[in-house]
Amino acid sequence: MRLAVLASGYGSNLQAIIDAVGNGKIKGRVEIVISDNADAYALERAGRHDIAAVHIDPRRFSDREDYDRAILTLLQGKNIGLVVLAGYMRLLSPVLVEGFRGKIMNIHPSLLPSFPGLDGVQQAIDYGVKVSGCTVHFVDEGLDTGPIILQEAVPVYDHDTADSLQERIHEVEHRLYPRAIQLFIAGKLNLEGRRCFQNEA
Ligand code: GRF
């Protein structure tokens with residue numbers, strides 16, 4: 001299966017996905033990495049692995065729909081089977097969500113539905129929760145509201161800062177995201193309404 005990764009920043013999850021493709025844990029390949037940010041380190045990671053790295057500047061488009069239409073066309077042209085959001089900082093418009101309905105995943109650094117949106121890690125620290133974690137979910141039109149595929153908890157310690165908690169969450173993300181992607185590729189994810197089950201297909 002051909003994967004597209006959309007990333008705005010550092011791209012450590014992208015790296016985990018590239019590594020999982022390399023060692024056979026993901027039976028697919030990253031066809032293209034797209035970023036809204038010219039300086040995203042994720043683009044450099046893609047380049048190093050001979051993956052097409054494309055910056056699409058949102059300022060060249062009149063609105064969100066127009067921007068997403070350009071991305072949709074690019075993805076369709078490359079026969080992409082799954083779109084993976086990895087630290088992608090833009091909310092998808094219905095244009096893209098409908099074009100790849102049920103074929104877009106995101107990873108979020110909290111146990112959704114707690115702390116959606118920006119700074120999920122800081123939100124957890126500020127709220128004072130004792131447990132947080134990360135969530136892999138399908139993307140719908142809302143902000144981090146789509147059906148949940150996998151979740152894993154991590155403890156929050158008294159001495160934690162957003163940075164130390166983020167680091168603990170990242171470690172789990174790098175394991176969880178490739179697993180969710182391979183479950184999808186293997187046809188093992190079954191959606192019934194909001195609930196996502198793993199079957200033995
Ligand atoms: C991750 O923590 C992910 O949960 C969130 O953005 C962060 C991206 O990190 N959506 P990276 O760019 O993959 O290192």
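Reader: What makes the pair E31 and R2 a salt bridge?

Author: A salt bridge requires a side-chain nitrogen of Lys or Arg within 4 Å of a carboxyl oxygen of Asp or Glu. In E31 and R2 the closest N and O atoms are 3.4 Å apart, so the pair meets the definition. This is a predicted model, in which local features need pLDDT of at least 70 and side-chain atom pairs count only at pLDDT 80 or more, while totals for chains, interfaces and linings use all residues. Residues are numbered from 1 along each chain as its sequence is written, and side-chain values use heavy atoms, with hydrogens and water left out.

Reader: Is E31 called buried or partly exposed, and which word applies to R2?

Author: Buried means under 20% relative accessible area, exposed means over 50%, and partly exposed lies in between, with a 1.4 Å probe and protein chains only. E31 has a relative accessible area of 13%, and is therefore buried. R2 stands at 33%, and therefore counts as partly exposed.

Reader: How many salt bridges does the structure hold, and which other pairs are among them?

Author: The structure holds 9 salt bridges. Among them is that of E31 and R29, whose side chains meet at 3.2 Å, N to O. R29 is partly exposed, because its relative accessibility is 48%. Another is that of E152 and R175, at 3.0 Å, N to O. That pair links distant parts of the chain, with E152 in strand β7 (residues 148-155) and R175 in helix α6, 23 residues apart. E152, at 23% relative accessibility, counts as partly exposed, and so does R175, at 47%.

Reader: What makes R2, R29 and E31 one network?

Author: Salt bridges that share partners join these residues. E31 is paired with R2 and also with R29.

Reader: How do you know that there are 0 disulfides?

Author: A disulfide is a pair of cysteine sulfur atoms within 2.5 Å, and by this rule the count comes to 0. For C134, the nearest cysteine sulfur is that of C196, 15 Å away, and C134 is in no disulfide. C196 likewise is in no disulfide.

Reader: Why is helix α1 described as largely enclosed?

Author: Because 8 of the 11 residues of α1 are buried, the helix is largely enclosed by the rest of the structure. The buried residues are S12, N13, L14, Q15, A16, I17, I18 and A20. Their cover includes β1, β2, α2 (41-48), β4 (82-85), β5 and α6. Just after α1, G24 takes a positive phi of about 85 degrees.

Reader: Why is S12 called buried, and what is it in contact with?

Author: S12 has 11% relative accessibility, and therefore counts as buried. S12 is placed in helix α1 (residues 12-22). Contact means heavy atoms within 4.5 Å. Leaving aside neighbours within four places in sequence, S12 is in contact with R45, H170 and H174.

Reader: Is E167 buried or exposed?

Author: E167 is found in helix α6. Its relative accessibility is 55%, so E167 counts as exposed.

Reader: What makes a space a pocket, and what lines the largest pocket?

Author: On a 1 Å grid over the protein atoms alone, a pocket is an open set of points where a 1.4 Å probe fits, with protein on both sides within 12 Å along at least five of seven lines; lining residues have an atom within 4 Å of a point. The largest pocket is lined by 35 residues, of which G87, Y88, M89, I107 and P109 lie nearest its centre. The elements giving two or more residues to this lining are α1, β5 (104-108), α5 (120-127) and α6 (162-185). The largest share, 5 residues, comes from α6.

Notes:
Helix = DSSP H or I, 4+ residues; strand = E, 2+ residues; numbered from the N terminus.
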